[in-house]
Amino acid sequence: ARLRAVFDIAGAGLSLTGPDGRFISVNAALCEILGYAEDELLGRSFAEITHPDDRGADSDALEQLGAGAIAGLRRRKRYLRKDGAPVWVEVDVKGKVNAAGWLEYCVAVVKDIHAEKMAEEALARLHAELEGRVEERTRELREREEELHSVIDNANDAYISLNRHGRVTAWNRAAEKTFGYAAREALERPLEE
């Protein structure tokens with residue numbers, strides 16, 4: 001009775017499923033996460049309410065649990081609510097094996113992580129958008145730099161640029177003609193030379 005009371009009032013979704021993946025018992029928190037009444041879930045398979053893209057991994061895990069290859073698993077996946085909307089959850093499943101080595105049932109703790117997952121996806125979209133903007137801005141700056149370099153290189157006046165240490169960082173064609181040094185000879189040298 002105490003165990004059942006804890007099961008019923010737990011804040012996380014809890015379920016017992018048989019070896020075939022059908023719900024034997026569910027608590028109110030799981031019903032709330034999924035939007036189903038308890039009697040609508042009982043007898044239904046967890047595969048029926050799992051998002052189609054996540055069913056294959058669930059099937060493999062259930063086989064491994066049944067074979068005793070693993071004692072449990074934790075994964076993030078999507079269930080489909082009664083209204084058809086996907087909901088992201090983190091499921092922690094442990095298998096109970098009998099004395100003969102057969103899987104009797106599984107206990108699952110289901111945590112609703114939908115808001116967290118939506119925030120992660122929004123952040124990933126924002127990150128991708130920002131990377132796109134940075135790439136575009138970098139491309140624009142490179143184009144401007146090439147234009148400026150072309151203007152400076154083809155200017156009629158000598159153009160020389162120095163860094164803070166007094167070394168030549170730019171030397172255009174007019175500077176080559178005026179001073180007699182090719183750009184490759186002048187670059188990185190102190191202006192005094």
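This passage describes selected side-chain features of a predicted model. Local features need pLDDT of at least 70, side-chain atom pairs count only at pLDDT 80 or more, and totals for chains, interfaces and linings use all residues. Residues are numbered from 1 along each chain as its sequence is written, and side-chain values use heavy atoms, without hydrogens and water.

Arg 75 lies in strand β3, which spans residues 72–80. Strands are DSSP runs of E with at least two residues, helices are runs of H or I with at least four, and both are numbered from the N terminus. Arg 75 has 19% relative accessibility and so counts as buried (under 20% relative accessible area; exposed is over 50%, partly exposed in between; 1.4 Å probe, protein chains only). Residues up to four places away in sequence aside, Arg 75 touches Asp 54, Ala 57, Asp 58, Val 89, Glu 90 and Val 91. Contact here means heavy atoms within 4.5 Å.

Leu 130 belongs to helix α5, residues 114–153. Its relative accessibility is 41%, so Leu 130 is partly exposed.

Trp 171 is buried because its relative accessibility is 12%. Phe 179, at 46% relative accessible area, is partly exposed.
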